Amino acid sequence: MSPVNGGATRDRLRIAIQKSGRLSEPARALLASCGLSWRESRDKLFCYGETLPVDLLLVRDDDIPGLLADGVCDYGIVGRNVLEEQAADRALRGLPAVSKEVRPLGFGGCRLDIAIPEAQAWDGPQQLQGTRIATSYPGLLQRWLDVEGVQATIVNLSGSVEIAPRLGQADVICDLVSSGATLTANQLKPAVTLLRSEAVLAGPMRAFTDARGELAALLLRRLDGVLRLRDSRLLMFQSSRAGVPALLKLLPDAEPPTLLQVDGAETVALQVLCHGEMTWQRLEDLKHAGAAGLMVLPVERMLA
Ligand code: ATP
Ligand code: ZN
């Protein structure tokens, strides 16, 4: 096998994903839907790519930015919160960025919020002046405090941030929130959002100059195909030829349609690939506008 260090030429791509946690299953499923498959090593930390020379490294999510920075991995699937925390931390230390967000992936959605005790009113960032804020995101919090011109003490905790106010370690917290149930259970409420996060594909600042370049391009092409098709449906219906323009106006998210003549010159059948969600309401609107025999089909694969 070729050397591990970043500067060396490599002919396989290495992607770091979370070993176990919220992002591990969806990350693997997404890569599998790009046609990748792997042979797992016995320790289940390294998965050797079989269909393509794209290997997986299964790690803690917090280690992913560092593995990218060191060039041990070429790409990583990680929460934007983790990637941005590394970027904020490096920026505060005067260091340049080492990796960037290549694609948002549409799962693992959450927010980095400041949450305050339920009984308190929220009058804006200045209210935090002189307080102690518990967080696992000191870089992002410091950056936000600097922008807002607020001086506060950051209490850096690696876990159980939400109980810090009750334990008297801090006055408020800055933590990830998705449903808000954890906050409620700890008598806290969200006050302000610092970052909207989801899982992202993180990659290098510069393009590869070796065999990885072509592999990366192939992977991104497939990934874009999969991401684009996620909400896409093939819509089929019939209408009068004269009615087609009005119907297409109702489908602003559609690709150019395929028209087939059905019944003399009058009736046509249409096949339209639509990228937005195909709700009942949209189907009813189409029916009102003259569409008949409406059918919505899932799209499994597409190569433009
Ligand atoms: P690891 O063992 O890999 O360090 P972890 O406990 O840090 O795991 P998870 O709790 O699995 O990580 O969260 C991984 C990512 O999932 C987060 O960084 C975030 O991007 C995303 N996420 C989505 N919703 C939430 C949530 N409610 N709380 C925490 N993270 C969330
Ligand atoms: Zn973690």
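Is cysteine 110 buried or exposed? In this predicted model, cysteine 110 is buried, with a relative accessible area of 16%. The cut-off for a buried residue is under 20% relative accessible area, and the value for cysteine 110 therefore falls on the buried side. Cysteine 174 likewise counts as buried, at 0% relative accessibility.

The structure contains 0 disulfides. A disulfide is a covalent bond between the sulfur atoms of two cysteines. For cysteine 110, the closest cysteine sulfur belongs to cysteine 174 and lies 12 Å away, which is too far for a bond. A pair of sulfur atoms is assigned as a disulfide within 2.5 Å, so the 12 Å between the sulfur of cysteine 110 and that of cysteine 174 rules out the assignment. Seen from the other residue, cysteine 174 takes part in no disulfide, and the sulfur nearest to its own is that of cysteine 110.

At the level of the whole chain, 9 helices and 16 strands are found. The domain assignment divides the chain into three parts: domain 1 comprises residues 13-108 together with 199-229, domain 2 covers 110-196, and domain 3 covers 233-298. The centres of domain 2 and domain 3, taken over C-alpha atoms, are 49 Å apart.

The overall dimensions were also computed. The C-alpha trace spans about 80 × 60 × 35 Å along its principal axes. The radius of gyration is 25 Å, whereas a compact globule of 304 residues would have one near 19 Å. The accessible surface of the chain amounts to about 16,100 Å², and carbon and sulfur atoms contribute 52% of that area. Of the 304 residues, 41% count as buried. Among contacts with a separation of 6 or more, 67% are made by residues 24 or more positions apart.

Helix α3 was examined individually. This helix consists of 13 residues, residues 80-92. At 1.5 Å a residue, α3 should span 18 Å, and the distance of 18 Å between its end C-alpha atoms agrees with that expectation. The expected span is 1.5 Å times one less than the number of residues. The buried residues of α3 are Arg80, Asn81, Val82, Leu83, Glu85, Gln86, Ala88 and Arg90. Just after α3, glycine 94 adopts a positive phi of about 75°.

How values were computed
Residues numbered from 1 in each chain as written. Chains lettered and ligands numbered in written order. Predicted model: local features only at pLDDT ≥ 70, side-chain atom pairs only at ≥ 80, totals over all residues. Heavy atoms only, no water. Buried < 20%, exposed > 50% of the residue type's maximum accessible area, 1.4 Å probe, protein only. Helix = DSSP H or I, 4+ residues; strand = E, 2+ residues; numbered from the N terminus. Rg over C-alpha atoms; globule rule 2.2 N^0.38 Å. Contact = heavy atoms within 4.5 Å. Areas by Shrake-Rupley, 256 points an atom, 1.4 Å probe, with all protein chains shown as cover. Domains from an automatic or database assignment.
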